[in-house]
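Ready to look at a pocket and a helix pair?

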Amino acid sequence: MATEALGWWGVPLAIIAGTLRGSVPFLFVSLGECLTEKSGKINLGLEGTLRLGAMSAYGVSYLCAQVLGVGLAPWLGVLMAGIAGMGLGLIHGWLSQQRRVNDVAVGIAMIIFGSGIANFLGKPFIQPQAPQLATLDVANWSSLPQVQAAFKISPLFLLGVALVPVLDWFFKSTRWGLYVRAVGDSPQAAKAMGISIVKVRLASIVMGSFLAGLGGAALSLYYPGLWTERISSGQGLMAVALVIFARWQPWQCLWASLLFGGAQALGPAFQSVGIDSYYYLFNATPYILTLVIMIFTCSPQRTLAGAPGALGKED
Amino acid sequence: MPDRNMSFPLSRRQVVRGLLATSAFGLTAKFGTGCSQPTPTGTGDNKAGGKDYVVGFIYVGPKDDFGYNQAHAEGAAAMAKNVPGLKLVEEASVPETTAVAETMRNMIQQDGAKALFPTSFGYFDPYILEMAKEFPDVQFFHAGGLYQDGVHPKNISSYFGYIDEAQYVAGVVAGHTSKSGKLGFVAAKPIPQLLRNVNSFTLGARSVNPKITTQVIFTGDWSVPVKEAEATNSMVDQGVDVITCHVDSPKVVMETAEKRGIFCSGYHANQSSLAPKGYLTGAEWDWSSIYTSLGKQLIAGKSIAKGDIPHILRGGLADNFCKLSPFGPAVSAAAKADAEKALAGIKSGQLTIYKGPLKTNTGKLILPAGKDLKITDIELEKMDYLIEGVKGSVK
């Protein structure tokens, strides 16, 4: 029965469930940012991309539900989220490569622009309910409804996980991956090889934004599954910090995203079993984690192992 | 080293041309709005000397968020509809920063607003206070009950409703419906108004079944969708089967509860369309009657500063400051009967929500037996405790 209480087992279950549910946007944004930063540019604007992605996915899913049915419409929404992300990526990629333009400053402008345009266009979608992405219920064997509910896995999560080895292989073993790394590590050498720095960076930023857009779709079409103006609450920015923590390695991006996703569930889970003091502290875990990461990994004295050589440098 | 001209690839002539074009565009754009503005006042010359009385509403979030802002926006729309000669100007998603001061200034100076309703709690100090000092002829109405006589400017009125009365009745329904005897409350921050809601909801439920407990989870902020969903999910995992909330937009909580197949009770506005199966009832604001009556008084030329409109306006279910959502399909006949009884009792003043003996959940005695606190008691506005039966802590 649904009324069975789980007691203390609720905490690990909530963390696992939170990890599966909440890590998807982190995963996509961090993979996208990983690709972008490998090419030597930072895209802080992914927070805005995440919001625009969430809005476009929700809006398209809602508007097309009549025509395409509730099964297909969310998937078109996911695609549109990616395309909307690419649009923002194009602007960022073009602007940040102009002379005397700082990519961090452009990124901050893009956060404001992306969020603004999402809020503006998203007004009519706050109220209606859009069809959601179907989930894979892998725990229906369990007699506990709590366990069944925890293991409703989004296909987007699986897609994100599948993307990790692909991206890793892309960087290590493909010619295009080599181009991206060359442009990011040593633009001069890449230029000597005859690679267009501008084109490679533009492509990396656009594809990175595409992935971040998909992350937004996970927010609005899977979990928590709605469009509001404060849907992302800083997750895009956290994911950018997470890439540094992950040392620009796709596999480590995956572990870091899972960690951050799980950390979000900590505060509510502890309160629900009666540990109710210090909830502000528990609720702040993701932010504290980000800070700790920044403190331990950033130092003006040395460059980080694994950091793309041209990252954050004027060319 | 490239030469200086290369680093700034525009000639002086191009810059001058650009500047000219921009200012020309700006002028025409400004001119356009300047022209279009007098038209509505020119055509709409009904009462009040041929000019509409302009009232400005400012919201902290979108106007259709199924929550706090929607409740106010619906009230504002009713005011504009029911009061002839009154013109409404609105701005949504204005943050509680200097942005709201600018919005107020624009509404006063450009739209000619004579009365302003900046609705969010955090607008009051210092933004409304500053603007009220600067524009003593404009009337300011603020939802929250923060006005202090002698301290704050004379042209401010603050209004607020005792929505915990409605929460009590919703608690009665929840108490009847819950099978596990565990209710859940997703809360933002432990401020007195929110704690009143948690406690009234619990008292209502315990009036039906004294063994019922309410689990409260604080998310830490007014709008954090992911945390609200996590809070709902983890309470369902612990066997909670009726959930309500006090956050800016209850949409996430209601939808998550419906997905998990439990019951929910709304807040701020009617959310029954979000949870057609599990929605029991809800504590809603009912600003339309208050706003309409204020609008009529404003049109009639009454003012706060002169004392025609009181500085503090408060009321509960009986005064139409709040109401209950229509009962959902899952509400039993017995629950309906008890809820109607509680509603009538509160409206007539015979039912007191906070009556002794009343203890906090840490065992401290708040009210001895035989003593009670009326809903209007100022003591309740300092609430910093959770009563017996609530699981949670305000620290």
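**Exercise 1.** Find which residues lie nearest the centre of the largest pocket, and describe its lining by class.

*Solution.* Start at the middle: E96(B), F121(B), G122(B), I191(B) and W222(B) lie nearest the centre, among 50 lining residues. (A pocket is an open set of points on a 1 Å grid over the protein atoms alone, where a 1.4 Å probe fits, with protein on both sides within 12 Å along at least five of seven lines; lining residues have an atom within 4 Å of a point.) This is a predicted model, in which local features need pLDDT of at least 70 and side-chain atom pairs 80 or more, while totals for chains, interfaces and linings use all residues. Residues are numbered from 1 along each chain, chains are lettered from A, and side-chain values use heavy atoms, without hydrogens and water.

Next, sort the lining: 19 residues are nonpolar, 18 polar and 13 charged (Asp, Glu, Lys and Arg count as charged; Ala, Val, Leu, Ile, Met, Phe, Trp, Tyr, Cys and Pro as nonpolar; the others, Gly among them, as polar).

Finally, helix 8 of chain B gives the most, with four residues (helices are DSSP runs of H or I, at least four residues).

**Exercise 2.** Work out how helix 1 and helix 9 of chain A pack.

*Solution.* Helix 1 (10-38) and helix 9 (235-245) of chain A pack at about 55°, their axes 8 Å apart (axes are lines fitted to C-alpha atoms over the stretch in contact, with angles from 0 to 180 degrees between N-to-C directions).

Note on methods:
Helix = DSSP H or I, 4+ residues; strand = E, 2+ residues; numbered from the N terminus.
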